[in-house]
Amino acid sequence: MAKPSAFQRITSATEALRRAGVDVISLAMGESGFSTPEWISEAACRAVSTGQMRYTEMTGTLALKEAVRQKYERENDLRYEIDEIIISTGATQALSNAMRATLHPGDEVILLVPYYSPYADMIVAQGGVPVCVLAADDTGAIPLGALEAAISSRTRWIILNSPCNPSGVVLSTADLAALAVLLRRHPDILIISDDIYEKTVFEGAAKNIVNVAPDLKDRTVVVNGVSKTYAMTGWRIGYALGPRDLMAAMGYVQTISSWTPSAVGQVAAEAALTGPQEFLESWRQAYSRRRDILVGFLNQIEGLSCRYPSGAFYAFPSIEKLIGRRTPGGTLIEDDVALATYLLNSAAVSTVPGSIFGARHHLRMSFVVSEGQLTAACQRIASAIARLS
Ligand SMILES: Cc1ncc(COP(=O)(O)O)c(C=O)c1O
């Protein structure tokens, strides 16, 4: 039977503390602190009041596919036909569809460390093997030599995620162009570009590998969704764009796992993609200020060091220098899980251990909470770390 992950254990411990009345500040959240804009919710309410609550077309409504098609043409300069798009129950289902539709036991999928942990779980669930490639340094630049050495005759996919959860690294055009040169030498490898954080970028704009190397379009699946951009995690709508045959196979495995995506969620997602977008800039600026507060504070704490993430809403400080210290009660901080547990129990701040992303000397801290809460969390972390010896 599957065991709960470190993330689930920290989440359950956080909930238990809250139930006991402790005022825990969560920096463990993977979703926006804003609310879904009201015009999106209103569109969903109208759909409910006009009875749009039945099964939809299996791989999504034509109206939402058309909205996705137009968004990609307008904003991303990428052109797809309707039958090259499928709508899913979150980007999660789109990613899992891709693995389920293509992997045979023993097939390998390359992940760049640190990686969004469910990728590895989805691969393993199909009998596949995640092959983790470690960045050469902490800049997040793609380690091309190590990557090419990791490719074997069983390599089926490489998964790219830019901006990256958890590191916040945004792949540059130069990174993507160099990767494209490598991938052209390996024509059988499929590519996933998980662009779910594309709108949360602090300098410049995120690029997709297909923008940089259009010849890779026929083996790339672009995955995206409304969860992060529009604060719509609970509406559960994501989508994938890619080669027709692959989309058909992914659509098939989707129908046997969930039939259709939520009808109301799809109406809301359509309203998100076709409605006003200007407010996103004020959200981006708010995240940027919060990033500066959190990272600036973390870098003042002896024992922590943190790069400024270029995108997404997570700081990913190195905690390496704190390993081996002891809590006031004498417990050894032997790893990231021990430090996250200590911060939760003694500072009432929840964070996510880096090991679940393949990087055990880090913690992930999100900056989606208000500036006041973020400052309070930083003060608590600083004083808890100062008590270590
Ligand atoms: C990198 C990445 N991809 C995909 C997802 C899943 O998003 P969704 O809510 O659309 O399923 C997440 C959610 O945290 C994520 O961080």
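The model is predicted: local features need pLDDT of at least 70 and side-chain atom pairs pLDDT 80 or more, while totals for chains, interfaces and linings use all residues. Residues are numbered from 1 along each chain as its sequence is written, and side-chain values use heavy atoms, without hydrogens and water.

Of the 389 residues, 54% are buried, meaning under 20% relative accessible area with a 1.4 Å probe, protein chains only. The radius of gyration, taken over C-alpha atoms, is 21 Å; this agrees with the value near 21 Å for a compact globule of 389 residues (2.2 Å times the number of residues to the power 0.38). Along the principal axes, the C-alpha atoms fill a box of roughly 60 × 55 × 45 Å.

Contacts are heavy atoms within 4.5 Å. Of those between residues at least 6 apart in sequence, 74% join residues at least 24 apart.

The chain holds 13 helices and 12 strands, which are DSSP runs (H or I, at least four residues; E, at least two) numbered from the N terminus. Three of the strands form an open antiparallel sheet in the order β9-β12-β11, where pairing requires at least two DSSP bridges between strands. Ala315 stands opposite Met365 in β12.

Methods: Buried means under 20% relative accessible area, exposed over 50%, partly exposed in between (1.4 Å probe, protein chains only).
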